Each structure stands twice: as C-alpha cells, then as structure tokens.
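Please look over the sequence and the structure below before reading on.

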Amino acid sequence: MASRNEKIYYGIPASPGVIIGAVKSLSFETRTISKEIITAPEEEIRTFREAIDNVKRNLEKTADKIFQRLGPEFARIFEAQAMIADDQVWNSNVEKRIKEEKICAEYIYFDEANRVIKQLGNSSDAYLRERMQDIESVTSKLVSRMKGEKRSTLKGLKGATVVTARYIYPGDILALSIKRNLGFATGIGGATSHAALMAKSLSVPAVLGLGDISEKLPTGTRVILDGYKGILIINPSPATRKRYREIKQSEGQLKRQLGQLKSKPAVTKDKKGIGILANIELPAEVPKVILSGASGIGLYRTEYLFLTKPEFPSFEEQYRTYSSILRKMGDRPVVIRTFDLGGDKFPGVARRKFELNPFLGWRAIRVCLDQPDIFKIQLKALLKASRYGNLSVMIPMISNYEELTQTQRLLDECKMELRRERVRFKEDIPLGIMLEVPSAVLIAEFLARKVDFFSIGTNDLIQYTMAVDRGNELLSDLYQSFHPSILSLIKRSIQAARTQNIKVSVCGEMAADPLGAVLLIGLGVDELSVSFQYVGLLKKVIRSIDFDSARNIARKALRMKSEQEIVSYLEKETKKRFPDLENIMAFMKRNSNG
C-alpha cells in the first residue's frame with residue numbers, strides 16, 4: 001500500500017536500535033473511570049482489600065524475579081510499587097471515602113491517585129516524577145483488577161512492532177525484552193528515567209519524550225523507530241523504508257564482523273595501543289561490558305544509586321555495589337566517579353537559594369565538599385571496596401586547585417579513620433579528575449602534579465566553553481564538538497598530562513564519533529571510554545588506521561579556524577587515508593548522538 005504523507009517526530013534517544021514495523025498502541029483503561037454508586041460499602045471494601053493484596057503479591061513476585069535477572073537496582077522499582085499498593089494511610093482514606101460517599105473503590109482510588117499525580121507533575125525533581133509514574137502503574141493494575149478488565153497486553157504480537165503509549169511501565173519493558181524486533185516510543189520520560197535505563201540494559205530500542213503523538217497513533221500504523229537519533233517516522237515513504245532497511249542490514253553485518261574482534265587488542269596498524277573502556281550507569285551492565293571486549297570500565301556514574309530511592313545510600317549499600325562491580329571485573333580497570341548531582345538531588349541536604357542556572361550552580365564536587373560527612377561515606381565505601389579489584393576514583397567538575405586539595409585531604413582523613421577501625425583497603429588507589437570546566441584545563445599543568453590521570457568530559461567541556469545548553473534545540477548548531485577552541489583545550493590537557501607522565505582518557509560522546517576518535521587518537525589521547533554498544537565499532541576503527549597518519553591529521557586540524565573547515569578536512573582525509581574504513585565510519589557517524 002502506498003504511504004501517506006511521511007511525518008517525523010523528534011524525541012530522546014533512550015536505547016539504540018532500529019525497528020521498521022507497525023504500531024501496537026497500549027490503551028490505558030484507567031484514564032476514565034465511571035463514578036458508580038454502590039449499596040454495600042462493606043462488601044466493596046472487602047473487594048478493594050483483596051485487589052490490593054493481589055496487586056501487592058504480584059509486584060513482590062516480580063521484584064524477586066527481577067532481582068535474579070537484573071539485580072537490586074531494578075528490583076527496587078517493583079518493591080517501591082508494592083509499597084505504594086500497601087500504603088496504609090492511602091488505603092484507609094480510600095475505605096473511609098467508600099463508606100461516606102458510597103462510590104465504587106476504583107473511582108475513589110483513581111481520584112486519590114490523580115490528586116497526588118497532579119502535585120508531582122509540577123515538580124522539577126526527576127525522582128518525584130518517577131514516583132508519579134509508579135503511582136500510575138499501581139493504579140492501572142488495581143483498577144483493572146477491580147473492574148475485571150485487562151489493559152492491552154503484548155501477547156500475540158507478530159512481526160516488527162513499535163509499542164506506543166504515554167508511558168511504558170517497567171513490567172511491559174520486561175515483556176518486550178523477551179521478544180525480538182520490538183521497541184517502544186513514549187510521550188514522556190527522560191534519558192535517566194526507569195524506562196530509559198531498563199531499555200538500555202535489556203537492549204530494547206526506545207525513544208522517549210515524543211509528546212502527544214505517542215498516544216494518538218492507532219494500532220497498525222506503519223512506523224520506523226530510530227533509537228540512535230531519537231526519532232519516530234510515521235507513514236515512512238518507500239525511499240525512507242529502503243534507507244532504513246539498508247541501515248539494519250549494515251548493522252547486522254557489522255555485528256557479525258565485530259563479533260570476531262572481541263578478543264583482539266585495540267592496536268593501530270603501526271602498533272599503537274589505545275585503551276577502549278565502557279561507560280556504565282548500572283551494575284547490571286557489567287556482563288555486557290565484558291562481552292563487548294572493552295578493556296575495562298572508564299566511567300561508572302554513581303549517582304544512579306539514587307535511581308529508586310529518595311534517601312542517601314548508606315555506607316553498606318555503596319560498599320556492596322562498588323565491591324560487586326570490582327569483583328565481576330576482576331583485574332580489569334574500573335573508574336568510579338564520585339557523585340555528580342545537583343544540590344537539590346542530595347537527600348537530606350537542605351537546598352540553598354533558588355538557582356536560575358543549576359548547571360553553573362551548587363552541584364557535584366561543590367556539594368560534596370560543602371557536605372563532607374556525606375562525601376566521606378562514599379569515599380570510605382570506595383576505599384573498603386578497593387581490595388576486590390583494580391579501582392580508580394574520579395572526581396567530577398573540578399574548577400580550581402583548592403577543590404582538588406580539599407578532596408585529597410578528605411580522602412586522607414578517610415584512610416586514617418579506616419585504619420583506626422582496622423578496615424582493610426588498598427593504599428595506592430589512583431585518583432583522577434574530570435576536565436570538563438575550561439578553568440580546570442587552563443591550570444591543568446598544576447592539577448597534573450596532584451593526580452594520577454585526567455578524563456576529559458567533552459560533553460560538558462563543549463557546553464561550558466561554547467556557552468551553549470546542549471539540550472536546547474534552538475542552539476543545536478552552536479554546540480560544536482570540533483570547534484577550534486575545543487581542540488585547543490583537549491591538546492592543552494594532553495600536554496599538561498605528558499609533563500607528569502599521566503594517562504588521558506576521553507569519556508564524552510565525542511569519543512564515540514568516528515571522526516572524533518581519529519582526531520583524539522591523533523592528539524595523543526591514551527584511552528576512549530564509550531557506551532558498551534560502541535566498543536566493537538571503535539575497536540574496528542582503531543585497527544584500521546595508523547597512528548602516524550592520525551597524528552598528522554590532528555596537527556593540521558589544530559591550525560584551522562572553524563568547525564566546518566575541520567569537519568570537512570577530517571572527512572576528506574579519513575576517506576583518503578583509510579579507505580577500508582569508509583562504510584563503518586559512515587555507519588558510526590550516522591548513528592552517533594554526538
């Protein structure tokens with residue numbers, strides 16, 4: 001059948017992959033509930049209690065299964081929902097209203113839930129927004145149980161399918177992960193939401209934040225989901241379908257080719273070794289890091305310990321998480337970054353004045369140094385866990401020399417206290433910093449004398465140098481990864497590191513860009529740390545180039561005046577010098593979010 005007008009909608013790329021298929025719309029029966037009058041309140045309350053008990057038991061069973069499959073981080077999502085279902089204050093209020101108003105339980109529960117959801121919906125706090133979606137999930141289950149109805153399920157799906165809804169519940173994502181050639185698109189959700197993290201960990205292609213269109217598409221609508229770029233194409237034209245079929249075909253061919261490189265080293269043709277490490281957000285991703293062929297973990301974002309909890313993680317919780325990752329990784333290096341959160345996200349920490357620009361405000365190491373008791377809990381947990389593997393500790397958002405020296409003093413205090421407590425730990429844990437603030441790069445020669453390694457966070461370095469919010473679509477053209485100033489700052493960082501013979505890695509999105517990888521290697525970067533999905537592709541790039549040519553390319557690029565000139569030059573030189581890499585470079589560039 002001929003395609004109608006093709007339309008493209010842009011969202012947030014949550015999990016990579018492409019699905020060319022049809023829509024399966026999940027209907028949410030809980031949107032409108034009839035206000036039915038009842039004549040037997042006591043019987044209604046008994047039915048309500050049975051439904052609550054059933055929903056709670058099912059959620060607890062799901063949590064147990066998830067714990068075995070994905071670990072405690074995701075299990076807590078279902079544990080939190082079971083606690084919502086078992087909320088005695090809420091349920092008592094529902095029962096009281098049933099008696100007084102003589103209205104059916106599902107209407108009253110839905111009404112109570114909507115009041116809370118409305119309040120949470122106005123919050124800018126990511127954790128509270130996740131609680132809103134947990135309440136919606138529990139409400140959906142409970143109302144369906146009370147009414148004897150079932151929400152549209154994922155059973156019986158045939159062929160490539162894109163599941164659409166306002167929000168996909170965690171249980172639905174698990175069902176999607178069991179089937180092949182399925183993905184999902186939602187109206188709400190962000191890059192750090194439960195849905196995004198679960199999709200990524202389970203390798204389910206996903207695009208979030210698409211707005212109302214995700215609820216308006218009827219089942220059967222022909223679509224293409226592009227989880228790399230974060231787009232949903234409705235009624236794709238024959239030409240678009242053909243292009244995406246070619247992309248999927250090349251994706252499959254690359255995966256087969258790259259499978260043969262997992263055990264091979266990342267070495268250029270002229271024998272220059274480059275470390276390829278993986279960035280992770282959850283401990284459950286460790287097995288995929290190992291399978292990808294990465295030489296280690298270049299960045300573990302510890303702020304995801306807050307994924308499902310409002311309170312600050314205890315010493316024991318942190319210790320168990322860090323030691324578990326280190327044990328699983330064995331002798332492979334593991335770089336764990338200390339908390340990189342805004343002050344409003346630290347549980348138990350009183351907020352200061354309202355911040356007009358939180359990216360330039362009280363966050364990351366600034367909060368940690370202002371709250372040393374909290375910071376020391378993390379440092380001690382890292383120290384105690386250190387004896388189980390090859391740990392390095394990395395500090396984010398250092399902007400001046402004093403922040404580094406204060407951090408080192410606190411670390412020394414933690415070591416002294418642990419010695420007094422007879423807690424064993426490694427004495428010589430490497431300490432590094434992220435270079436993501438221009439002021440830190442400009443004093444990098446002094447910072448290099450105090451640390452064991454640098455990790456350049458290109459995402460924030462570009463944002464702070466260019467004075468551009470990378471999430472602002474109006475300014476997307478000004479967010480320039482290859483701007484001459486960025487190259488100059490990276491080169492300056494590497495030169496400072498060389499004076500003290502310390503390693504330099506790059507852990508931003510620029511490292512996953514094929515042109516960026518060639519340029520960074522030519523500039524002298526020792527390691528590239530990327531999402532585990534890109535490890536094999538980078539290994540192929542490195543094994544297809546020679547370091548001497550990459551160095552010559554970088555030297556000339558440093559003398560250019562604009563990003564456009566630099567990118568044009570990189571594309572031309574890469575095609576000329578490394579012709580066998582043209583197809584894979586084109587694929588990586590097209591699917592890069594950088």
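Contact here means heavy atoms within 4.5 Å. The model is predicted, so local features need pLDDT of at least 70 and side-chain atom pairs count only at pLDDT 80 or more, while totals for chains, interfaces and linings use all residues. Residues are numbered from 1 along each chain as its sequence is written, and side-chain values use heavy atoms, with hydrogens and water left out.

Start with helix α11, residues 315–329. Helices (H or I, at least four residues) and strands (E, at least two) are DSSP runs, numbered from the N terminus. Helix α11 has 15 residues and reaches 21 Å from its first C-alpha to its last, close to the 21 Å expected at 1.5 Å a residue; the expected span is 1.5 Å times one less than the number of residues. After α11 comes glycine 330, with a positive phi near 60 degrees.

Which helix packs against α11 at about 40 degrees? The partner is α13 (residues 372–385), and the two axes lie 8 Å apart. Axes are lines fitted to C-alpha atoms, for helices over the stretch in contact, and angles run from 0 to 180 degrees between N-to-C directions. On the α11 side, the residues in contact include Phe315, Tyr319, Tyr322 and Leu326; on the α13 side they include Ile377, Ala381 and Leu382. Tyr319, Tyr322 and Leu326 are also among the buried residues of α11, where buried means under 20% relative accessible area, exposed over 50%, and partly exposed in between (1.4 Å probe, protein chains only).

Next, the barrel. Eight strands form a closed barrel in the order β9-β10-β11-β12-β13-β14-β15-β16, with parallel pairing. Neighbouring strands of this sheet are turned by 30 degrees against each other on average, direction ignored. Two strands pair if DSSP finds at least two bridges between them. Strand β13 (residues 431–435) and strand β14 (residues 453–456) have four bridges, in the parallel sense. Leucine 435 stands opposite isoleucine 456 in β14.

Some single residues remain. Phenylalanine 110 is in helix α4, residues 105–121, and counts as buried because its relative accessibility is 12%. Phenylalanine 110 and valine 94 are 16 residues apart in sequence, with their C-alpha atoms 9.7 Å apart in space.

Cysteine 104 counts as buried because its relative accessibility is 2%; cysteine 414 is buried, with a relative accessible area of 0%. How many disulfides are counted? With a disulfide taken as a pair of cysteine sulfur atoms within 2.5 Å, the count is zero.
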